[in-house]
Amino acid sequence: MEKIQSRQGQGRVADAPSGHWVYRVMPRGMWPYAQLARWDRPIGWQLLLWPCLWSTALAASAYAQPGAPLAEVLPSIWHILLFLVGAIAMRGAGCTYNDLVDERIDNAVERTRSRPLPSGQVTRGQAWAFLLAQALLGLLVLVQFNAFAIALGFASLIVVAIYPFAKRFTNWPQLFLGLAFSWGALMGWAADFESLSLAPLLLYFGSILWVIGYDTIYAHQDKEDDAIVGVRSTARLFGEKTRQWLIALYGGALLFFAVAFALAEVPMPALAGLVAAGAHLARQIRVIDIDNPDQCLALFRSNNVVGWLIFLGLIGGGLWAVISPQF
């Protein structure tokens, strides 16, 4: 089991799982860079990826007619691969940037003071160089899309640049995270149609509410330290009313998703994924204990299941269009 790293020695960061492949496979000299990019905590890029995959699946199954060819109703494998690489690269770049901005705050919070910068495992110059390398990879991915999607991707950088500072001036930093993390809900549609319509916009709005909800759960881990250092969050704002807020946020997200599906005219079986996702989100609300950090982390991570359910529902809707004439 790797020790928690500090200025006295190298190890894993406090909230990374022990025995992760990063620590078993990578040379020790690469550990700090893997930690900056959060490769030892993949849930971040997974949650960033889901709006991209939902959007590309929504675009593929939109307006599907009975008897449509299979290739027309399934999302492009090439686009899925691009979004996968882009999500990993840009999540890593965003986390590296966030660590550079928040070094002082991270050093004051128990869960984050073992990160590479506050623990002295990398210099700021090395972190900036690594940030640039990840951003260049993200750019290489972005330019594979059409001109409209490329311009849309560049527009997201405005929100990404603001997010790390949001906790300093608003109680709603999770909203800014939602604006950034949900951008893929626009990108998948734009990559397919070279334009936007109301359906992907509603998918985007729903994803924002989903992100606010799950990141509020995540933020409950740090609320005591956040209060000491003056960091704001929806966890601190909602407090004991978190459960009621989650009902509104998750319920609103599902409503936006359902209307987006209807506007895109995706086959009805796609709603099965939303129903299953709704049941999962309802369980999160029912069992949450905001004073149990371990449970909050587990519930936050479980939103990866929500991503799968909605995505598979959209795939199922497209497949239904193909096979429905047989019934």
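Student: Where does Thr 170 lie?
Tutor: In this predicted model, Thr 170 sits in the loop that joins helix H8 (147–169) to helix H9 (173–181).

Student: Is Thr 170 buried or exposed?
Tutor: Thr 170 counts as buried, because its relative accessibility is 15% and the cut-off for buried is under 20%.

Student: Which residues is Thr 170 in contact with, leaving aside neighbours within four places in sequence?
Tutor: Those residues are Phe 176 and Arg 232.

Student: And what lies 3.0 Å from a polar atom of the Thr 170 side chain?
Tutor: The backbone nitrogen of Trp 172 lies at that distance.

Student: Turning to pockets, what is the volume of the second largest pocket?
Tutor: The volume of the second largest pocket is about 180 Å³.

Student: How many of the lining residues are charged?
Tutor: The lining has 7 charged residues, alongside 3 nonpolar and 1 polar. Among them are Asp 15, Glu 110 and Arg 111.

Student: Now the largest nonpolar core: which residues have the most contacts inside it?
Tutor: They are Trp 54, Trp 210, Phe 261, Ile 310 and Leu 314, in a core of 71 residues.

Student: What does Trp 210 touch, not counting residues up to four places away in sequence?
Tutor: Trp 210 touches Leu 47, Trp 50, Trp 54, Tyr 250, Ala 253, Leu 281, Asn 303, Val 306 and Gly 307. A second, separate core has 12 residues, including Val 122 and Phe 130.

Terms used:
Residues numbered from 1 in each chain as written. Predicted model: local features only at pLDDT ≥ 70, side-chain atom pairs only at ≥ 80, totals over all residues. Heavy atoms only, no water. Core = buried A, V, L, I, M, F, W, Y, C linked by side-chain atoms within 4.5 Å. Buried < 20%, exposed > 50% of the residue type's maximum accessible area, 1.4 Å probe, protein only. Contact = heavy atoms within 4.5 Å. 1 Å grid on protein atoms, 1.4 Å probe; cavity = no way out; pocket = protein on both sides within 12 Å on 5 of 7 lines; lining within 4 Å. Points joined across faces, edges and corners; volume = space filled by probe spheres on them. Nonpolar A, V, L, I, M, F, W, Y, C, P; charged D, E, K, R; others polar. Helix = DSSP H or I, 4+ residues; strand = E, 2+ residues; numbered from the N terminus. Polar contact = N/O pair within 3.5 Å; in protein donor to acceptor, adjacent residues only side chain to side chain.
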